[in-house]
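Me: I've got a model open and want to go through a few spots in it. Can you take my questions as they come?

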Amino acid sequence: MTTPPKPIDIVPLKNRPAWKALEEHYARVRDLQLRQLFATDPQRSGTFTVEAVGLYFDYSKHRINAETRNLLVELAEQSGLRQHIDAMFRGDKINVTEQRSVLHVALRAQKGEPFFSDGVDVVPEVHAVLDKMAAFAEQVRSGAWKGHTGKRIKNVISIGIGGSDLGPVMAYEALKHYSQRDMTFQFVSNVDGTDFVEATHGLSAEETLFIICSKTFTTLETMTNGRTARSWALNQLKDEKAVAKHFVAVSTNTAKVVEFGIDSANMFEFWDWVGGRYSMDSAIGLSTMIAIGPDHFQAMLAGFHAMDEHFRTAPFHQNLPVLMGLLAVWYNTFFDAQTVAVLPYDQYLKRFPAYLQQLTMESNGKQVTLDGKRVSYQTGPIYWGEPGTNGQHSFYQLIHQGTKLIPCDFIAFLQTLNPVGTHHELLLANVFAQAEALAFGKTPDEVRSEGTAEWLVPHRTFEGNRPSTVILAERLTPETLGKLIALYEHSVFTQGTIWQIDSFDQWGVELGKALANRIIPELAETADKELTHDSSTNALIRKYRKLSANSSK
């Protein structure tokens with residue numbers, strides 16, 4: 001690899017004046033109580049709420065005051081966030097270790113809106129692929145695309161892993177209300193054969209289309225599942241020519257795609273300036289487009305784009321992704337709050353926290369700065385969560401009364417897509433109540449006033465002062481989903497910029513893969529050939545060999 005470009009010249013984090021001011025400020029405000037903050041400022045809710053691009057972002061229940069916000073914004077400015085945003089949108093190679101542009105924002109650019117990588121406007125290519133996707137999606141949805149035996153496609157199975165799977169799965173579940181219900185959509189990612197077997201259980205190959213998502217068409221897990229899918233289909237269809245009618249590819253490796261038996265005309269491209277976890281609105285989203293249709297897919301892209309433009313242009317103190325990212329830095333780095341709970345109060349968003357796990361932790365799970373120096377502060381909080389109200393009967397106990405500080409993001413919609421009696425009012429009441437309970441808790445005196453026995457008072461006391469953000473939108477639409485995803489994408493970028501890390505590489509996933517490739521043939525060895533791993537790994541391999549040999553007798 002050639003010498004990387006010099007990163008934007010920024011003073012190290014702990015040497016920035018705003019950082020030092022925040023350290024002093026934190027010592028003064030860390031014990032502030034939200035009860036006190038609201039009591040002394042009746043207008044607090046309005047002061048710490050931003051409404052933009054169709055989202056209502058209430059961050060008033062955070063352990064901050066106006067000075068905190070101002071110092072965090074100063075930190076963003078001194079961290080070169082504006083310059084980094086401009087560099088990303090310019091197409092500069094801000095993915096330093098891989099020397100790549102970071103242009104997922106170009107995937108949702110409007111026609112005629114230029115984005116450049118290596119001096120080439122990539123937007124025409126993006127829209128050419130989108131148009132090709134739309135034409136294919138309409139063929140499948142309408143029944144014009146027929147399988148090898150002339151039957152209509154009723155089942156679509158997307159095969160990928162990581163960003164090639166988590167995004168499409170999440171988007172399909174989130175937008176199922178808008179999907180074509182006479183079709184079935186399944187997703188296979190795990191190399192565990194159970195994943196494939198269960199996804200294809202009861203399906204007919206005559207009515208099934210596979211989408212294999214692999215940029216290189218060599219990804220071990222994806223191609224193992226892809227070859228299994230090929231065998232499964234041909235076992236029923238009995239003709240090699242059937243592959244061309246039942247398989248399409250999202251890839252850049254034409255030779256490997258054709259070798260597999262897929263018509264190169266049915267290969268949908270994407271680019272190395274799109275990271276896997278940022279790719280769901282590229283051709284990786286083909287299954288999503290088939291499910292919801294090209295118009296809804298375009299609406300989702302419009303939502304992404306609206307948030308992109310807000311992030312690019314809004315002042316930092318009114319910028320939703322910037323504020324979200326700054327709050328994450330505030331708690332993770334100063335309060336040592338190691339996790340963030342994402343709590344969507346909509347069943348359609350049940351896979352949203354899992355999607356965010358990769359987006360956030362693969363991006364900012366880094367221990368060295370852009371220039372390769374070890375960080376001396378916390379980066380990359382753990383993101384996790386479940387939809388409400390399920391989580392309330394699961395892990396909320398720890399959030400309310402545990403010893404860990406866990407900032408929470410509550411996501412809710414003012415209108416439901418499925419009106420059923422008073423269900424939605426009950427759902428929203430729980431959102432608002434949980435945020436209120438976390439913030440203000442219940443004092444010992446309030447517990448006593450209810451007639452509680454003194455010995456029970458400590459058990460029924462809630463300390464409160466647990467921070468949360470409430471994000472409201474009118475309805476869960478494709479456009480709203482795009483805005484929410486982009487909100488978190490740019491929040492991740494904000495955090496990474498302040499921590500001076502590369503949010504767009506993922507070297508941490510490589511070592512395990514390399515070692516697995518070394519172990520695979522060793523598992524198949526029948527003779528006890530010399531193993532050169534550590535004693536634990538050697539013993540595990542031998543244990544597998546022994547059990548495998550016994551099971552084959």
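This is a predicted model: local features need pLDDT of at least 70, side-chain atom pairs count only at pLDDT 80 or more; totals for chains, interfaces and linings use all residues.

Me: Is Gln99 buried or exposed?

Reply: Buried. The relative accessible area of Gln99 is 19%, and the cut-off for buried is under 20%.

Me: What about Asp336, what's phi there?

Reply: Near 55 degrees, again a positive value in a residue other than glycine. Asp336 sits in the loop between helix H14 (320–334) and strand S10 (339–344).

Me: And how exposed is Asp336?

Reply: Partly exposed, with a relative accessible area of 45%.

Me: Peptide bonds next. What is the bond from Gly388 to Thr389, cis or trans?

Reply: Cis. Omega is near 10 degrees for the bond from Gly388 to Thr389. Most peptide bonds are trans.

Me: Where does Thr389 lie?

Reply: In a loop. Strand S11 (382–384) and helix H16 (396–401) are on either side of that loop.

Me: Back to H5. At what angle do H5 and H20 pack?

Reply: About 125 degrees. Helix H5 covers residues 81–90, helix H20 covers residues 478–499, and their axes are 10 Å apart.

Me: Which hand is the crossing?

Reply: Right-handed, as H5 passes H20.

Me: Which residues make the contact?

Reply: H5 gives Leu81, His84, Ile85 and Met88. From H20 come His490, Phe493, Thr494 and Thr497. By class, that contact of H5 with H20 has 4 nonpolar residues, 4 polar and no charged.

Me: Now H6 and H13. How do their axes cross?

Reply: At roughly 145 degrees, and the axes come within 10 Å. H6 is residues 123–142 and H13 is residues 294–313.

Me: Who's in that contact?

Reply: On H6, Leu130, Met133, Ala134, Ala137, Glu138 and Arg141. On H13, Pro294, Phe297, Gln298 and Leu301.

Me: How does the contact of H6 with H13 split by class?

Reply: There are 7 nonpolar, 1 polar and 2 charged residues in the contact of H6 with H13.

Me: Where is Gly293?

Reply: In the loop between helix H12 (286–292) and H13. Gly293 is buried, at a relative accessible area of 4%.

Me: What does Gly293 touch, beyond residues up to four places away in sequence?

Reply: Arg141 and Thr288. Arg141 is also one of the H6 residues in the contact with H13.

Me: How far is Gly293 from Ala135?

Reply: In sequence, 158 residues. In space, 10 Å from C-alpha to C-alpha.

Me: Last one, His424. Which helix holds His424?

Reply: H17, residues 423–440. His424 is buried there, with a relative accessible area of 14%.

Me: What does the side chain of His424 reach?

Reply: The backbone oxygen of Leu414, at 3.4 Å.

Me: Which residues does His424 touch, leaving out those up to four places away in sequence?

Reply: Phe413, Leu414, Gln415 and Thr416.

How values were computed: Residues are numbered from 1 along each chain as its sequence is written. Side-chain values use heavy atoms; hydrogens and water are left out. Helices (H or I, at least four residues) and strands (E, at least two) are DSSP runs, numbered from the N terminus. Buried means under 20% relative accessible area, exposed over 50%, partly exposed in between (1.4 Å probe, protein chains only). A polar contact is a pair of N or O atoms within 3.5 Å; within protein, one must be able to donate a hydrogen and the other to accept it, and residues adjacent in sequence count only if both atoms are side-chain atoms. Contact means heavy atoms within 4.5 Å. Axes are lines fitted to C-alpha atoms, for helices over the stretch in contact, and angles run from 0 to 180 degrees between N-to-C directions. A crossing is left-handed if the near helix is turned anticlockwise from the far one by less than a right angle, and right-handed if clockwise. Ala, Val, Leu, Ile, Met, Phe, Trp, Tyr, Cys and Pro count as nonpolar, Asp, Glu, Lys and Arg as charged, and the others, Gly among them, as polar.
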